[in-house]
Amino acid sequence: MKLCLLLLSLVLLAQCTRHDLVEVRTIPWQSRTISYSKPRLWNKPHLTWRVEDATALAGRLSSEEMHREIDRSFKSWEAAGIFTFSPAAEGRPADITITFAPPPGRVWDGQLGTMGHAAFPWTEHRGRIYLDPSEWWSAESFAVLGDPITQWLPHEIGHVLGLQHSQGLDHTMCATGPYDLPDERSYARLRHLYAPGTPVIAFSSLSTAASKAR
């Protein structure tokens, strides 16, 4: 009887241990195991988003255009195979909030300076992305006339998912923008961060800023 109970306990322990491990297939012949059980990171595969304080952009970018470009920015990260994204349902809390209000205790520096801030998932303001309303935010189709959201927001999304600035060839997460949309280099860094054996090192307890290259 004791032996049976011991074997049953081992089976249950194994099941609990594997509960937060998910096999992700990135290409047909390759797979990676990722984990959503890291307390300093996001612990679920689907994240929702919402926009606040967008009235500051009235007259420059329609609500439909803005939401389309924001949705495109989030969807650009889905090919990594770690997260899916959707707008939060009406009346439901969102995991990630995009706001045009300044970060707590800070003021915006006007056009051509800091474009936005994002809070790392281990910080007090987890899930917050701040975009400077004085910048010339535009849709991709009007890139000549302004700053396309898709050249800046994917960078901030990377930070809100836990990625630090990159010193290498990841042109989505480098220190200054405008930025490229995430590609396999960005996806590889995100998969590595959420791999079971990767330690989560919090280099900063503050939000990180995206700035335009001068």
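A residue is called buried if its relative accessible area is under 20%, exposed if over 50%, and partly exposed in between, using a 1.4 Å probe and protein chains only. By that rule E69 is buried, with a relative accessible area of 3%. The structure is a predicted model, in which local features need pLDDT of at least 70 and side-chain atom pairs count only at pLDDT 80 or more, while totals for chains, interfaces and linings use all residues. Residues are numbered from 1 along each chain as its sequence is written, and side-chain values use heavy atoms, with hydrogens and water left out.

**Confidence**

- The pLDDT is the predictor's confidence in each residue, from 0 to 100. For the protein chain it averages 81, and 76% of the residues score at least 70.
- Helices (H or I, at least four residues) and strands (E, at least two) are DSSP runs, numbered from the N terminus. Confidence is lowest in helix α1 (residues 2–18), at a mean of 36, and highest in strand β4 (residues 84–87), at 98.
- Residues 1–19 have a pLDDT below 50, and beyond near neighbours in sequence this stretch has zero contacts in the model. Contact here means heavy atoms within 4.5 Å.

**Aromatic rings**

- The structure holds eight aromatic pairs. Rings of Phe, Tyr and Trp (its six-membered ring) pair if their centres lie within 6.5 Å; planes under 30 degrees apart count as stacked, over 60 as edge-to-face and the rest as tilted.
- One of the pairs is F74 with F85, whose ring centres are 5.2 Å apart and whose planes stand at 45°, so this pair is tilted.
- F74 lies in helix α2 (residues 63–75) and F85 in strand β4, so the pair ties together parts that are eleven residues apart in sequence. Both F74 and F85 are buried.
- F85 also forms a tilted pair with F83, at 6.2 Å centre to centre and 40° between the planes. F83 is buried too, as is F85.
- Ring pairs link F74, F83 and F85 with Y36, W49 and Y194 into a cluster.
- A charge sits over a ring if NZ of Lys or CZ of Arg is within 6 Å of the ring centre and within 35 degrees of the ring normal. R126 lies over the face of W42, at 4.0 Å from the ring centre.

**Salt bridges**

- Side chains of opposite charge can pair when their charged atoms come close. A salt bridge is a side-chain nitrogen of Lys or Arg within 4 Å of a carboxyl oxygen of Asp or Glu, and the whole structure has eight of them.
- D95 forms a salt bridge with K44, and the closest N and O atoms are 2.7 Å apart. D95 lies in the loop between β4 and β5 (96–99) and K44 in the loop between β2 (30–35) and β3 (46–52), so the pair ties together parts that are 51 residues apart in sequence.
- D95 counts as buried, at 17% relative accessibility, whereas K44 counts as partly exposed, at 32%.
- E69 and R68 meet in a salt bridge of 3.1 Å, N to O. R68 counts as partly exposed, at 43% relative accessibility.
- A network of salt bridges links R68, E69 and R72.
- D183 forms a salt bridge with R185, with the closest N and O atoms 2.6 Å apart. D183 is partly exposed at 26% relative accessibility, and R185 is partly exposed at 34%.

- In α4, S186, Y187, L190, R191 and L193 are buried. These residues cover an arc of only 160° around the axis, which puts them on the same side of α4. The arc is that of the directions from the helix axis to the C-beta atoms.
- An α-helix has 3.6 residues a turn, so residues three or four places apart point the same way.
- P178 is in the loop between β10 (176–177) and α4 (184–193). The peptide bond from G177 to P178 is cis, with omega near 10°.
- G168 is in the loop between α3 (153–161) and β10, and counts as partly exposed at 48% relative accessibility. The C-alpha atoms of G168 and R185, 17 residues apart along the chain, are separated by 9.4 Å.
- K38 is in the loop between β2 and β3 and is buried, with a relative accessible area of 9%. Leaving aside neighbours within four places in sequence, K38 is in contact with L193, Y194, A195, P196, T198 and V200.
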